[in-house]
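Dear colleague,

Please find below the structure I am handing over to you, with its sequence. My notes on what was found in it follow directly after.

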Amino acid sequence: MKYLATFIFFSLSLAVNAESLITQSYEIAVKWKCGEGFVSCENIEFSVKNKTGGMTNTYTGKSSHSVCADGVTPCKFQGYEFKVGNLNYSLYMRGLLEVLNNNDELVLSEKGEWHY
């Protein structure tokens, strides 16, 4: 019984702290590195697997939120952001991956599915 309780707790911990967005071209695993209770996080690990080339790279980014009426407080969670060179990656909770260059020109847009 002790082992079952430990297994259930460990499984729930993983479910809370890890999720993946799967699109046609990418598998992106997201792992929060901030402690429990944080509304936003500036230290999120993204493990990005390119399905075409098979390469996997790891990057660091942050959570993305709209702001409340005071213009400062984070309100609604929107998704995640990370930067690789001159490309800005955004993962939205509706399952959309968008990549923009430094001129805010759309480089890639793919719809995917979140797996928790």
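I begin with a charged side chain: Arg-94 is placed over the face of Tyr-92, 4.8 Å from the centre of the ring. Please bear in mind that this is a predicted model.

Aromatic pairs

The structure contains seven aromatic pairs. In one of them, the ring centres of Phe-77 and Tyr-80 are 5.3 Å apart and the planes stand at 75 degrees, so this pair is edge-to-face. Trp-114 and Tyr-116 make a stacked pair, with 6.4 Å from centre to centre and 20 degrees between the planes. Here Trp-114 is buried, its relative accessible area being 11%, while Tyr-116 is exposed at 62%. Both pairs belong to a cluster linked through ring pairs, which consists of Phe-46, Tyr-59, Phe-77, Tyr-80, Phe-82, Tyr-89, Trp-114 and Tyr-116.

Nonpolar core

The largest nonpolar core comprises 16 residues. Those with the most contacts inside this core are Ile-28, Val-30, Ile-44, Phe-46, Tyr-80, Leu-91 and Leu-97. At least two core residues come from each of strand 2 (26–32), strand 3 (44–50), strand 5 (74–84), strand 6 (87–92) and strand 7 (96–101). Strand 2 provides the largest share, with four residues.

Yours sincerely

Note on methods
Residues are numbered from 1 along each chain as its sequence is written. This is a predicted model: local features need pLDDT of at least 70, side-chain atom pairs count only at pLDDT 80 or more; totals for chains, interfaces and linings use all residues. Side-chain values use heavy atoms; hydrogens and water are left out. A nonpolar core is a set of buried Ala, Val, Leu, Ile, Met, Phe, Trp, Tyr and Cys residues joined through side-chain atoms within 4.5 Å. Buried means under 20% relative accessible area, exposed over 50%, partly exposed in between (1.4 Å probe, protein chains only). Rings of Phe, Tyr and Trp (its six-membered ring) pair if their centres lie within 6.5 Å; planes under 30 degrees apart count as stacked, over 60 as edge-to-face and the rest as tilted. A charge sits over a ring if NZ of Lys or CZ of Arg is within 6 Å of the ring centre and within 35 degrees of the ring normal.
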